[in-house]
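Thank you all for coming this morning.

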Amino acid sequence: MFYHLMHKPLEAALPQLLLKCLERDWKVVVQTGSEERCNALDSHLWTFSDDSFLPHGTKTDGYAEHQPIYLTAEQDNPNEADVRFLVDRAEPPALGGYKRAIYMFDGNDEAALAEARLRWKEAKSEGFDIAYWQQTSSGGWEKKA
């Protein structure tokens, strides 16, 4: 699945999608493009809402196999996640073993758009069922393909 961020940043959109995964009892791994971004998301997910947080961890927390959401800048999957999020142009590992792979990209960044198009072509050529969702001005999602 491709999620095209247009109006709200990753920090606003990602927590909502992660909550939906947890509601379905899916384990998640979020792969970032850099260790710095991984650390920033780690801090953000504890404080993104005044009345909620997302239980998660990173390799520095230990017990990776028990984390419902695992954040990494690598291609690992120590919590045996059902869903893999790829953000900030992270290089995807083999995606065949996941229930869902979600590629989120910034529509205001030309390089990110070009890379998303490449990932789309790769996924299509590998035979994946693919879908494209574009962010609405209210922060919701509209299916475009």
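This is a predicted model: local features need pLDDT of at least 70, side-chain atom pairs count only at pLDDT 80 or more; totals for chains, interfaces and linings use all residues.

Residues are numbered from 1 along each chain as its sequence is written, and side-chain values use heavy atoms, with hydrogens and water left out.

Let us start with the sheet. Helices (H or I, at least four residues) and strands (E, at least two) are DSSP runs, numbered from the N terminus, and two strands pair if DSSP finds at least two bridges between them. In general, strands of a sheet pair through backbone hydrogen bonds, either parallel or antiparallel. Here we have an open sheet of seven strands with mixed pairing, in the order β3-β2-β4-β5-β1-β6-β7. The edges are β3 (69-72) and β7 (141-143), and because each has a single partner strand, one side of each is left without a neighbour in the sheet. From one strand to the next, the twist averages 20°; for angles, axes are lines fitted to C-alpha atoms, for helices over the stretch in contact, and the angles run from 0 to 180 degrees between N-to-C directions.

Strand β1 (residues 2-5) runs parallel to β6 (residues 132-135), and three bridges join the two. Phe2, for example, has Tyr132 as its bridge partner in β6. Helix α3 (residues 110-125) packs on the sheet, where it touches β1, β5 (100-106) and β6, and its direction makes about 155° with that of β5; contact here means heavy atoms within 4.5 Å.

Helix α2 (residues 35-47), in turn, lies across β2 (28-31) and β3, running at about 150° to β3. How do α1 and α2 meet, and at roughly what angle do their axes cross? The axes of α1 (residues 10-23) and α2 come within 11 Å and cross at roughly 65°. On the α1 side the contact is made by Leu10, Glu11, Leu14, Pro15 and Leu18, and on the α2 side by Arg37, Leu41, His44 and Leu45.

On a 1 Å grid over the protein atoms alone, a cavity is a set of points where a 1.4 Å probe fits but cannot get out, whereas a pocket is an open set with protein on both sides within 12 Å along at least five of seven lines, and lining residues have an atom within 4 Å of a point. Grid points are joined across faces, edges and corners, and a volume is the space filled by probe spheres set on the points.

The largest pocket holds about 410 Å³ of space and is lined by 21 residues, of which Met1, Leu95, Ala101, Ala123 and Phe128 lie nearest its centre. Strand β5 gives the largest share of that lining, four residues.

The second largest pocket holds about 220 Å³, and its lining includes Met1, Tyr3, Trp26 and Trp133. Here the largest share, three residues, comes from α1.

Lastly, a search of the whole structure finds one cavity of 30 Å³ or more. Its lining is made by Glu35, Cys38, Lys59, Leu71, Thr72, Ala73 and Glu74, and α2 and β3 are the elements that give two or more residues to that lining.
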